[in-house]
Amino acid sequence: MLCLCLYVPVFGERQTEFEYFESKGLPAELKSIFRLSLFIPSQEFSTYRQWKQKIVKAGDKDLDGQLDFEEFVHYLQDHEKKLRLVFKSLDKKNDGRIDAQEIVQSLRDLGVKISEQQAEKILKRIRTGHFWGPVTYMDKNGTMTIDWNEWRDYHLLHPVENIPEIILYWKHSTIFDVGENLTVPDEFTVEERQTGMWWRHLVAGGGAGAVSRTCTAPLDRLKVLMQVHASRSNNMCIIGGFTQMIREGGPRSLWRGNGINVLKIAPESAIKFMAYEQIKRFIGTDQEMLRIHERLLAGSLAGAIAQSSIYPMEVLKTRMALRKTGQYSGMLDCAKNILAKEGMAAFYKGYIPNMLGIIPYAGIDLAVYETLKNTWLQRYAVNSADPGVFVLLACGTISSTCGQLASYPLALVRTRMQAQASVEGAPEVTMRGLFKHILKTEGAFGLYRGLAPNFMKVIPAVSISYVVYENLKMTLGVDSR
């Protein structure tokens, strides 16, 4: 790409730099020429400079601070594809044009109510220009409709990190609850926050998580038992584990520890959401939707804050899942026993490996989900950004499974540390000491004890939580898209 830097003197103003990008080599369908104006006062140039920085930030793949020809072409191709998806979703009549009624309907779907007169103003919105140039409208031919070419020409060089219309179809963490509590929180649009839809989404997600965890609780308890008690000398299998639990405490024993596992959903979700919103403001981004690395940072910190707040409940859940029949009369009795015999510090056993596990789990889960989403959009999203239920379930299942696989050794060590005091006279060991002991006595395979029942619960957990989530959304008056 040719780049010509000019220093143009303007009467009464200091010299300003203007960059002219030669787009002669662009493909015909992507050609969008940056017109060179010779009269640019400094106050107008500040707007241009901000716009240029956003373009470079959106398309700079090699992070060298500049946009070369290949990066610019890739940015235009990717952005045009997103714009086409949004145009298709707005074009309710499928006639290749967007009118005022379609804009009203689309914004109503997003929770925003406007009049048809206001929609007509959107159609006639003036593009940012300069006082010496002609006024340019989105609706160029005055038909009060926008065709694809008018839509693309107006929006193509406006860098948008995430288009809310696409994101609404791809909600992830609220829907897919596999009981691990380490996912990055959802982001909500301004309209969802103003209309109160955000808390309905959270309530629906919490209810879906409660039902999902209850249905998969037997597999979760079996995983905990295998993490703590299974070894080379005690090779506990899935059928043998279930038989042992039923023989020791009857069918009800399969759900030990589930009560507190459900109870901690509400406080953890609330704390995580509030922390996430505050951290987003602290990051200082001017984007409504965060970029991937910003979501990972904000989500990991919010997860750490939420986990720190409710971690004693995690320890109680493990102790309740491992208890024998008649050992405790309930959650409060278990908490009193731990406090009396082991002190307050016992409620934070395994805290360090738990915190360390947040980053690989959330990072890989988010990265895999975004990769699968973008791959689907690039290959299969022709007329709509809606992936359908099965694609969402597949992406959520695969990403959650990859995240758990990466963080599982830390989760196993955390569980064993939480359970240490349940064995009379057991020596206190550190995270590092446990890793060494497991590798020495059981090998690397020992770090993945209980992985089979953990993976077995992912598909039913994701499926159940999705179905319950959608039904609760309808009950609470949240439109399913």
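Student: Which residue forms a salt bridge with Lys-280?

Tutor: Glu-277 does, with the closest N and O atoms 3.8 Å apart. A salt bridge here means a side-chain nitrogen of Lys or Arg within 4 Å of a carboxyl oxygen of Asp or Glu. This is a predicted model: local features need pLDDT of at least 70, side-chain atom pairs count only at pLDDT 80 or more, and totals for chains, interfaces and linings use all residues. Residues are numbered from 1 along each chain as its sequence is written, and side-chain values use heavy atoms, leaving out hydrogens and water.

Student: Where do Lys-280 and Glu-277 lie?

Tutor: Both lie in helix 12 (residues 265–283), three residues apart, about one turn of the helix. Helices are DSSP runs (H or I, at least four residues), numbered from the N terminus.

Student: Is Lys-280 buried or exposed?

Tutor: Buried, because its relative accessible area is 9%. Buried means under 20%, exposed over 50%, partly exposed in between (1.4 Å probe, protein chains only). Glu-277 is buried too, at 10%.

Student: How many salt bridges are there in the whole structure?

Tutor: Twelve. One of them joins Arg-256 and Glu-248, with the closest N and O atoms 3.0 Å apart. Arg-256 is buried at 10%, but Glu-248 is partly exposed at 36%.

Student: New topic. Which residues make the nonpolar surface patch of about 300 Å²?

Tutor: Leu-339, Met-344 and Tyr-348. Patch residues have over 30% relative accessible area and no salt bridge, and nonpolar side chains (Val, Leu, Ile, Met, Phe, Trp, Tyr) are joined within 5 Å. Areas come from the Shrake-Rupley method with a 1.4 Å probe.

Student: And where is Met-344?

Tutor: In the loop between helix 14 (331–342) and helix 15 (351–380). Met-344 counts as exposed because its relative accessibility is 52%.

How values were computed. Patch = residues over 30% accessible without salt bridge, like charges linked within 9 Å, V, L, I, M, F, W, Y side chains within 5 Å. Helix = DSSP H or I, 4+ residues; strand = E, 2+ residues; numbered from the N terminus.
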